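Trainee: Could you walk me through reading a structure like this one? I would like to begin with the ligand.

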Amino acid sequence: MSKKGKIFLLDDEELISDVLLRALRNEGYEVMKENETDGVEEKIMAWDADILLLDISMPGRSGMEILKEIISRNLQTQVIMLTADDTAESAVAAMKIGAVDYITKPFDMDEVKIVVGNILEKQELKKEVSFLRKAYADSMEREFIGESKAVKEIKTTVEKMAQAKVGSILVTGESGTGKEVIARHIHQLMFGLDSSRYAPFVTVNCAAMPEALLESELFGHEKGAFTDSKTLKKGLFEEAKGGTILLDEISEMKLSLQSKLLRVLEERTVRRIGGNQEIKVNVTVIATSNVNLIEAVGKGNFRQDLFFRLSPFYLYLPPLRERKSDIPLLLDYYLAHFTNKYHKNTVKGFSPEAERLLINYHWPGNVRELKNLLERFVVLENNEIIRPEHLPHWVSAQEVIASGPVGGRYILPESGISLDDVERDLIIQALEKSNQNMAQAAKLLNITYDSFRYQLKKFGLK
Ligand SMILES: Nc1ncnc2c1ncn2[C@@H]1O[C@H](COP(=O)(O)OP(=O)(O)OP(=O)(O)O)[C@@H](O)[C@H]1O
Ligand SMILES: [Mg+2]
């Protein structure tokens, strides 16, 4: 059994440290023992200990003094104090300075194992979280690729908003149009990337949580605010102080919570659940929505006052099919991006016909769909040049249908086309248009109900 974790023991009582050493090694930890206090900080640093078990009273330098030194050096090492007195007073003092826990002698070995295990587990989780945060941030584009007129306008607008440090921004657009990318871009413009002070960027998906949980996530709660709130918890607004909070899918927020959010936007303060103190929060709020908020207001699902509060600085990201000139740029960008990411450079580019098909395609999933397609090409394609026959069938089928008859005829692409794909796509579209009503769908295709059902079976759609 091998566990991760390096534990440094510093105790002048040989007997005690021997027992600890053996027990912890038996648990699978790496353990180092020392009883000399002089210059011990260097040894701890050099060995890169995860945990220091530190005796509070030793001849020579006291444990407290060493603890202060360790804390002042801002090491990763977490300190657990070993105290002989059961008054626990000195232990409490040590924890105020920065020790994470204490163990009173004579100790129960099981207790030691539990304390050590818990601390290492927490440390591990922290590392994991910061790793994942970083990986996620890396995977997100901060640069908004595009040169179309619409994108150019968005970029200038965004620069002005960032310069003025506006307090709230609403970003709308279909799924995959880059709402989060633009939000991160704004954050970067406002707070810089390499600023010495770290400006947090916090995202909350308003659709992902039940209302009560979302409320306590956003605003935090005091200790004892409700039955299982054993500790005080800061809300995400507080966490985002001095930076940006991204409220994703704001349209999904319940009305009662919307009014609390409105208050925060107006007062620029939050009150934790169960608390009565107003806490100033200087944050930029960016809200996103892929549904039409004006319609949502009309239906009574979104508060009009909140909409007015958010809407002075709004950005609309048009779908990719409405800014086709960005498509070649994005194709190049993501081809290079994934070539680099996977160290695989089989695919060099697109044939003119394939590029034309990709430009004409309607991209229902917008940039996300394009990005995913490019990732697939780079990883799986064996040909240097992507030709129409390498494209997913729906891309080519789409075109024949979308182009409609020209001079009374549908245009057959050079590369040919599967009639089945065209049929299947039209059937799916008819179902979508008719809200899955088969009779209506059949009418749209000018076929009988029975043959429509036959077609569904044939294509495995029913
Ligand atoms: N203009 C762009 N330049 C480069 N990459 C982009 C651009 N727009 C979107 N992307 C990429 O497309 C993917 C989807 O973008 P993003 O998550 O910002 O979309 P969204 O509008 O927030 O979608 P949803 O509504 O589904 O959350 C991301 O991987 C992002 O990196
Ligand atoms: Mg998003």
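Mentor: Happy to. Let us start with polar contacts: a polar contact is a pair of N or O atoms within 3.5 Å; within protein, one must be able to donate a hydrogen and the other to accept it, and residues adjacent in sequence count only if both atoms are side-chain atoms. Here, a polar side-chain atom of Ser175 lies 2.6 Å from an oxygen atom of ligand 1. For Lys179 the distance from such a side-chain atom to a ligand oxygen is 2.7 Å, and for Arg368 it is 3.0 Å.

Trainee: How much of the accessible area of ligand 1 does the protein cover?

Mentor: Accessible areas come from the Shrake-Rupley method with a 1.4 Å probe; for residues, only the protein chains shown count as cover. On its own, ligand 1 has 630 Å² of accessible area, and the protein covers 92% of that.

Trainee: Before we go on, what kind of model is this?

Mentor: This is a predicted model, where local features need pLDDT of at least 70, side-chain atom pairs count only at pLDDT 80 or more, and totals for chains, interfaces and linings use all residues. Residues are numbered from 1 along each chain as its sequence is written, chains are lettered from A and ligands numbered from 1 in the order in which they are written, and side-chain values use heavy atoms, with hydrogens and water left out.

Trainee: How many residues surround ligand 1?

Mentor: A residue is near a molecule if one of its heavy atoms lies within 4 Å of it. Ligand 1 is surrounded by 18 residues, and the closest are Ser175, Gly176, Lys179, Tyr334 and Lys371. Helices are DSSP runs (H or I, at least four residues), numbered from the N terminus; H7 (179-191), H13 (326-342) and H15 (366-380) each supply at least two residues of this shell.

Trainee: Is Ala212 buried or exposed?

Mentor: Buried means under 20% relative accessible area, exposed over 50%, and partly exposed in between (1.4 Å probe, protein chains only). Ala212 is exposed, because its relative accessible area is 58%. Ala212 belongs to helix H8 (residues 211-219).
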